Amino acid sequence: MLSKKVEKALNGQIRIEAESSQVYLSMASWAEVKGLEGISQFMYKHSDEERMHMLKLIKFVNERGGHATISDLKAPKTDFGTFQKMFQELYDHEIFVSKSINDLVHVTLEEKDYATHNFLQWYVAEQIEEEALARTILDKINLIGNDKGGLYLFDRDVQQITVESAASDTTE
Ligand code: FEO
């Protein structure tokens, strides 16, 4: 059984994952209308992953005798300036999510809720990978600079950059 404090903290994370999904969905749509097809596909996929993170939390809360509540969401912005700035925002957003997961883990320790603590280890590992992914992409963007050919290749290849490939990049 979840304590009220853990339930509230988990519901807060459900909202953050839902908002993350909306942020990346907005990025996907912006990239699509800019003709950045590959980047757009990458963001649509990323948005789906955030929804999966949210659903996993909802199931957990309800299975443990809590009530996962669905709240209204902060609307994401609709214009991201340049794709470089957009990926910087993605990175900053993931840092924010990691902090939120860490705070949540802290609450479970305070409440001596080791089952939830254990469940959250998946998210801790996922955030390491998501940050690595975002950093890998930013490194590639820096290498391209203003080179149009580089941008063409980046847009073509970004869909192949997965959390798995980014994680192995950083361990090389
Ligand atoms: Fe669910 Fe990208 O954090």
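Start by selecting Glu 50 and its neighbours: leaving out residues up to four places away in sequence, Glu 50 touches Glu 17, Ser 20, Ser 21, Tyr 24, Glu 94 and Glu 130 (contact means heavy atoms within 4.5 Å). This is a predicted model, where local features need pLDDT of at least 70 and side-chain atom pairs count only at pLDDT 80 or more, while totals for chains, interfaces and linings use all residues. Residues are numbered from 1 along each chain as its sequence is written, and side-chain values use heavy atoms, without hydrogens and water.

Next, colour helix α2, residues 37–63, which holds Glu 50 (helices are DSSP runs of H or I with at least four residues, strands are E runs of at least two, both numbered from the N terminus). Is Glu 50 buried or exposed? Glu 50 is buried, at 1% relative accessibility (buried is under 20% relative accessible area, exposed over 50%, partly exposed in between, with a 1.4 Å probe and protein chains only).

Stay in helix α2 and pick His 53. His 53 is also buried, with a relative accessible area of 1%. With residues up to four places away again set aside, His 53 touches Glu 17, Trp 122, Tyr 123, Glu 126 and Glu 130. Now show side chains: those of His 53 and Glu 17 are joined by a polar contact of 3.4 Å (a pair of N or O atoms within 3.5 Å; within protein, one must be able to donate a hydrogen and the other to accept it, and residues adjacent in sequence count only if both atoms are side-chain atoms).

Finally, select Glu 17, Glu 50, His 53, Glu 94 and Gln 127, which an unreviewed UniProt entry lists as "binding site". They span 111 residues in sequence, but no two of their C-alpha atoms are more than 13.0 Å apart, so they gather at one spot.

Key:
UniProt positions are given in the numbering used here, feature names are shortened, and annotations may be inferred rather than shown by experiment.
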